[in-house]
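Me: I would like to learn how to read strand pairing and disulfides from coordinates. Please take one feature at a time.

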Amino acid sequence: GNLVICAGLATLLIGMSWGSAHAQTKLVKPANGGTLKITKSGSYFLAANYISTLPFSSIISISANNVTINLNGFTISDTAIGNTAPAISTTSGISGVTIVNGTITKTGTAISLGTSSTVGGMQLIGNKGDGVDCISTCLVTNSVITGNTGAGLALGDGSSGYQDNIISGNTGGNVGAGTNLGNNVCGTGLCP
């Protein structure tokens with residue numbers, strides 16, 4: 001009896017590291033190749049690399065509050081020439097979005113969020129826009145943000161914070177606004 005309880009607790013605790021033990025919905029590329037639209041709150045995950053061919057539309061558009069996307073170590077990328085749209089974006093007024101555990105490369109801006117959202121454990125590398133855009137009250141942590149054409153972090157104001165990131169080599173500058181919460185590396189210098 002006790003062994004089963006301990007094993008169940010251990011499984012629950014391990015499952016909560018970057019996500020939660022709640023039911024998750026697998027993200028599947030639309031058959032028509034268009035934007036994948038998330039319209040309900042909840043927890044979502046990738047089960048494979050997601051390669052898009054969209055030139056001017058977000059790859060994943062979120063129009064619901066309180067959405068978590070776990071990339072499960074997979075990559076979102078775009079093969080369209082001249083792609084300028086964000087890989088993951090929220091519609092106006094959306095908050096409480098969490099994006100974790102994967103890579104976004106060769107898209108427009110990697111992640112564009114509204115308010116009160118989190119990005120963690122991400123590699124945002126070689127995109128044609130910013131690494132992370134956020135209007136206010138966002139947290140970006142434990143991520144590598146490098147080689148993007150725009151800014152590494154384009155945070156709207158000092159209400160957003162960033163901690164434990166490597167942010168370097170972004171053409172539009174490494175950090176715009178936001179509060180440095182510590183342990184960040186910006187190229188060979190200190191982060192603002």
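This is a predicted model: local features need pLDDT of at least 70, side-chain atom pairs count only at pLDDT 80 or more; totals for chains, interfaces and linings use all residues.

Me: What makes two strands pair, and how many bridges join β4 to β7?

Reply: Strands pair if DSSP finds at least two bridges between them; strands are DSSP runs (E, at least two residues), numbered from the N terminus. Here β4 (residues 50-52) and β7 (residues 75-78) run parallel, joined by three bridges.

Me: Which strand pairs with β7 over three bridges in the parallel sense?

Reply: That is β9 (residues 97-105). In β9, Thr103 is the bridge partner of Thr75.

Me: How many disulfides are there?

Reply: A disulfide is a pair of cysteine sulfur atoms within 2.5 Å. The count by this rule is two. Cys134 and Cys138 form one, with sulfur atoms 2.0 Å apart, and Cys186 is joined to Cys191, S to S 2.0 Å. In sequence order of the bonded cysteines, the pairing is 1-2, 3-4.

Me: Why is the disulfide of Cys186 and Cys191 called right-handed?

Reply: Because its torsion about the S-S bond is about 100 degrees. The link of Cys134 and Cys138, at 75 degrees, is right-handed.

Me: Are Cys134 and Cys138 buried or exposed?

Reply: Buried means under 20% relative accessible area, exposed over 50%, and partly exposed in between (1.4 Å probe, protein chains only). Cys134 is buried at 4%, and Cys138 is buried at 5%. Cys186 and Cys191 are buried.

Methods
Residues are numbered from 1 along each chain as its sequence is written. Side-chain values use heavy atoms; hydrogens and water are left out. Helices (H or I, at least four residues) and strands (E, at least two) are DSSP runs, numbered from the N terminus.
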